[in-house]
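Here is a short briefing for a reader new to this structure. Please look over the sequence and the model before going on.

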Amino acid sequence: MFMAIVHTNDKITPIQKFFHLRASLSDEPASCIKNLEATANNYEYAWKTLISRYRNEKLLIQSHVKGICELSDVKENSSSSLRQFSDALRGHMSALEALKQQPSNWGPLLTHIICTKLDAITLSEWEMKSPKNEISKVEDLVLFLDARSQVLEAIESSKNISKIVDLGYENKNENRKNKFGKNNNITTSLVSTSEIKCYACDLSHTIYKCPSFLSLTVAERIKRVNVLGLCKVCLRKHEVKRCLSQNNCYKCHKAHNTLLHLIMPQKYNAKNSDEASNKQAANTSTSAHAFSVDNENVLLSTAVVRAIGKCTISVLCGSSGGSRA
């Protein structure tokens, strides 16, 4: 890269190339030219020094061959491990080709070295796809490794998505359980509190079973409920204005508790009373009995009358009288 961008660039002066060279070096190579002054002539000297020391093609070839032989083994069903192995193998082969070597033509030797680094599943897949009666090309094996790593990456990606979805469902269900558990705890605490304490007498029973409350008249119960600030439907205390209980009065089906059902007396109606009297008069029976007392004829009459009071309670009343004939 330095040769393509700087060293062979005619638009850059030698002194500028020297500064670029120093900026591109580090560690031991940088120490080789650190004592040279930044001049145009010293650039050529520094370049030749670095080339003679580090551009040993024999040593570089041996280094890349050793790198291929010492590649890390591929982990089973690991896309990252297989990808790293494939990338490192391609890097060493490209470097050898730059050094005028032909690793693709090394055939059985390089194929054997690569196969000894593969995991059992990948090696089985390769043996199933490779020719049975001849040695495969090294390039075909490298292409297979690239395709194999892509398949493993797709499988791992699908598994990760499934895990994320499953984890989301688990968290949702866990939150729902926690929410329901809290609600159940709150409901249980409220029920327990209402079961052990009466609003009317503070004893351990509900107001529905309170003897002192049940002994009151309906009007007194209504007054007691108003004083205690209880709901007239459920006979409990709650912050919601509208009671959520569906248990209305069993007698009139209105929005109040059955214990607070008040029987209202009907108003007396004169018209209805007259109609009832006329009807009763029609049903009135009169009986006459004639008997002899001291040789005198006596006629007795008996009348039965139904009297209706203000509270719509009817009572049969009888009266009798006599007249001498």
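## Briefing

At 69% relative accessibility, Asp27 counts as exposed (over 50% relative accessible area; under 20% is buried, and in between is partly exposed, with a 1.4 Å probe and protein chains only). This is a predicted model: local features need pLDDT of at least 70, side-chain atom pairs count only at pLDDT 80 or more, and totals for chains, interfaces and linings use all residues. Residues are numbered from 1 along each chain as its sequence is written, and side-chain values use heavy atoms, with hydrogens and water left out.

**Positive phi angles**

- Asp27 is not a glycine, yet its phi is positive, at about 60 degrees.
- Asp27 sits in helix α3, residues 27–32. Helices are DSSP runs (H or I, at least four residues), and they are numbered from the N terminus.
- Lys100 is not a glycine either, and has a positive phi of about 70 degrees.
- Lys100 belongs to the loop between α6 (79–98) and α7 (108–115).
- Lys100 is exposed, and its relative accessible area is 74%.

**Aromatic pairs**

- How many aromatic pairs does the structure hold? There are two.
- Rings of Phe, Tyr and Trp (its six-membered ring) pair if their centres lie within 6.5 Å; planes under 30 degrees apart count as stacked, over 60 as edge-to-face and the rest as tilted.
- Phe2 and Trp47 have ring centres 5.7 Å apart and planes at 25 degrees, so this pair is stacked.
- Phe2 lies in helix α1 (residues 2–7) and Trp47 in helix α4 (residues 40–54), so the pair ties together parts that are 45 residues apart in sequence.
- Phe2 is buried, with a relative accessible area of 17%.
- Trp47 is buried as well, at 14%.
- Trp126 and Phe144 form a tilted aromatic pair, with 5.4 Å from centre to centre and 45 degrees between the planes.
- This pair links distant parts of the chain: Trp126 is in helix α8 (residues 120–129) and Phe144 in helix α9 (residues 138–196), 18 residues apart.
- Trp126 and Phe144 are both buried.

- Ser81 is part of helix α6.
- Is Ser81 buried or exposed? Ser81 counts as buried, at 12% relative accessibility.
- Which residues does Ser81 contact, leaving aside its neighbours within four places in sequence? They are Asp73, Val74 and Lys75. Contact means heavy atoms within 4.5 Å.

Conventions. Helix = DSSP H or I, 4+ residues; strand = E, 2+ residues; numbered from the N terminus.
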